[in-house]
Amino acid sequence: DVTEIEEKEAQAKQEEQIIKEQELSNLLHEKRYLKALGLAISLDRPHTVLMVVKAILKETDGRKHLEENIVRLRKDQKEAVLTFLVTWNTNSRNCHEAQAVIETLLKHEAPDSLLQYSGIKSAVESLLPYT
């Protein structure tokens with residue numbers, strides 16, 4: 001019977017999730033946006049990533065800070081943000097944040113580099129009607 005082992009594993013995963021969410025909350029409160037972005041992306045939370053982007057843009061020189069943070073993300077994190085912003089761009093409430101991130105990616109990534117992103121073709125096809 002492995003029920004007890006499975007229950008302990010599920011409880012451990014739940015506790016780890018709660019700890020990460022608390023850490024994310026603390027990072028946002030401390031305005032440590034790069035770590036907050038990385039953690040939200042690793043948790044696969046598009047809405048939380050959007051909230052971090054909105055918080056960055058509300059700061060003085062928000063666009064500049066957004067660029068600094070997006071540029072410092074790893075390639076896999078940028079790919080995840082790209083998939084998230086496709087959805088954000090379809091909603092008029094979130095399209096400005098999506099466009100700010102798109103602008104940063106297009107400005108700081110070489111076209112050849114962007115072509116290496118997984119899902120770039122479908123992302124561009126999805127972005128075109130709304131952009």
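Is Gln-77 buried or exposed? I opened my notebook with that one. The model is predicted, so I am reading computed values.

**Entry 1: Gln-77.** I found Gln-77 in helix H5. Its relative accessible area is 9%. Buried means under 20%, so Gln-77 counts as buried. Next I looked up its surroundings. A polar atom of the Gln-77 side chain lies 2.9 Å from the backbone nitrogen of Arg-74. Leaving out residues up to four places away in sequence, Gln-77 touches Gly-38 and Ile-41. Both of these are among the buried residues of H2.

**Entry 2: helix H2.** That sent me to H2. I noted that H2 is mostly covered, with seven of its ten residues buried. Besides Gly-38 and Ile-41, the buried ones are Tyr-33, Ala-36, Leu-37, Leu-39 and Ala-40. What do they pack against? I listed H1, H3, H4 and H5. Just after H2, I came to Asp-44, which takes a positive phi of about 55°.

**Entry 3: Leu-37.** I set aside its neighbours within four places in sequence. Leu-37 is then in contact with Val-49, Val-52, Val-53, Ile-56, Asn-69, Ile-70 and Leu-73.

**Entry 4: the core.** I turned to the largest nonpolar core, which has 34 residues. Which members touch the most others? They are Leu-37, Val-49, Leu-85, Trp-88 and Val-101. The helices that each give two or more residues are H1, H2, H3, H4, H5, H6 and H8. The largest share, seven residues, comes from H5. H5 is also where I found Gln-77.

Conventions. Residues numbered from 1 in each chain as written. Predicted model: local features only at pLDDT ≥ 70, side-chain atom pairs only at ≥ 80, totals over all residues. Heavy atoms only, no water. Core = buried A, V, L, I, M, F, W, Y, C linked by side-chain atoms within 4.5 Å. Buried < 20%, exposed > 50% of the residue type's maximum accessible area, 1.4 Å probe, protein only. Helix = DSSP H or I, 4+ residues; strand = E, 2+ residues; numbered from the N terminus. Contact = heavy atoms within 4.5 Å. Polar contact = N/O pair within 3.5 Å; in protein donor to acceptor, adjacent residues only side chain to side chain.
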